[in-house]
Amino acid sequence: MVSGSALSAAAKQAEQLRKDGNIYFKKDRFGAAIDAYTEAITLCPNVPVYWTNRALCHRRRNDWLKVEEDCRRAIQLDYNSVKAHYMLGLALLQKQKLDEGVKELQKALDLGRGANPKGYMVDEIWQELAKAKYMLWEHASSKRSWELQSLKEACEAALREKHFLDDSQPEGFLDEAGISHMKQLEVLRQVFRKAGEADIPGEVPDYLCCKITLDIFRDPVITPSGVTYERAVILDHLQKVGKFDPITREPLDQSQLVPNLAMKEAVQAYLDKHGWAYKLD
């Protein structure tokens, strides 16, 4: 049986190895950092940060299989690990598992917003999530476009066939049949144009965009004055410019910001229908 003092000594040694690994990492000595984190894991395998630190080294080396392995282990130890879900999402995207990757990135984003909504990682995760969702939209859009085009061509062929059969009618009927045929073709094209509209990139409506950045909302919050801002942006304003609403100029404190859930749902509904809006400039 291992004594408490032995366990304590192992934990101290493992923590020192983590610090050594961090130093190596900052100097881009990823092999040495991996060795240090591996020793720390050997001593204390149930500390999730050792696994995520090593996963970060594997990420820098583009060794995505090992990133996935270490992140899955970290999540087993701590399901709320933002970094583990984030890097696992990236690893899954590398394997072209877009749906699974998006799910992990979304989990990382939700956890990150809860822990530190203004943290650099939240914005980084959102950008990766947006790129992944845009890729999903691109794939789905291409498939829809191909299916719509195929269906349109089939419908046009059926109309032409019908028109050809109508040519056997008496002469006075032919003019009416020709006009009817042209009208049907135009209606058909209008229907397919309408069906494809959601996949045509356009401008995001102003009400779905932050009044400061003019970008589509990611994490909207509303002030007592009734103005909605992007959370990280208004927090930055309150810290660096002053404790007031930038539009109404009313006094404003961070504690008064409330998540605008209705706006968040509206943005998500818009993005679900117009996936092209995920594309970042």
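Biologist: What should I know before I start?

Modeller: It's a predicted model, where local features need pLDDT of at least 70, side-chain atom pairs count only at pLDDT 80 or more, and totals for chains, interfaces and linings use all residues. Residues are numbered from 1 along each chain as its sequence is written, and side-chain values use heavy atoms, with hydrogens and water left out.

Biologist: How many helices and strands does the protein have?

Modeller: Helices (H or I, at least four residues) and strands (E, at least two) are DSSP runs, numbered from the N terminus. Here there are ten helices and three strands. Reading from the N terminus, the order is α-α-α-α-α-α-α-α-β-β-α-β-α.

Biologist: How do I describe two packed helices?

Modeller: You give the angle between their axes and the distance between the axes. Axes are lines fitted to C-alpha atoms, for helices over the stretch in contact, and angles run from 0 to 180 degrees between N-to-C directions. Under 35 degrees counts as roughly parallel, over 145 as roughly antiparallel, 65 to 115 as roughly perpendicular, and the rest as oblique.

Biologist: At what angle do α3 and α4 cross?

Modeller: Helix α3 (residues 48–60) and helix α4 (residues 64–77) cross at roughly 165 degrees, and their axes come within 8 Å. That makes α3 roughly antiparallel to α4. The crossing is left-handed, meaning the near helix is turned anticlockwise from the far one by less than a right angle; clockwise would be right-handed.

Biologist: Which residues of α3 and α4 meet?

Modeller: Contact means heavy atoms within 4.5 Å. On the α3 side, the residues include Trp-51, Ala-55 and His-58, and on the α4 side they include Val-67, Asp-70 and Leu-77. By class, this contact has eight nonpolar, two polar and five charged residues. For those classes, Ala, Val, Leu, Ile, Met, Phe, Trp, Tyr, Cys and Pro count as nonpolar, Asp, Glu, Lys and Arg as charged, and the others, Gly among them, as polar.

Biologist: And what is the angle between α2 and α3?

Modeller: Helix α2 (residues 30–43) packs on α3 at about 160 degrees, with the axes 9 Å apart. So α2 is roughly antiparallel to α3, and this crossing is left-handed. Among the residues that meet are Phe-30, Ile-34 and Tyr-37 in α2, and Trp-51, Arg-54 and Cys-57 in α3.

Biologist: Is α3 parallel or antiparallel to α5?

Modeller: The axes of α3 and helix α5 (residues 82–94) come within 10 Å and cross at roughly 30 degrees. That makes them roughly parallel. Leu-56 is one of the α3 residues here, and Met-87 is one of those in α5. The contact divides into six nonpolar, one polar and two charged residues.

Biologist: How do I read burial? Is Cys-57 buried or exposed?

Modeller: Buried means under 20% relative accessible area, exposed over 50%, partly exposed in between (1.4 Å probe, protein chains only). Cys-57 is at 0%, so it counts as buried. His-237, in helix α9 (residues 231–240), is buried too, at 11%. Leaving aside residues up to four places away in sequence, His-237 touches Gly-242, Phe-244 and Pro-246. Across the protein, 39% of the 281 residues are buried.

Biologist: How many disulfides are there?

Modeller: A disulfide is a pair of cysteine sulfur atoms within 2.5 Å, and the whole structure has zero. Take Cys-210, which is buried at 1%: the closest cysteine sulfur, in Cys-209, is 8.7 Å from its own, so that's too far for a bond.
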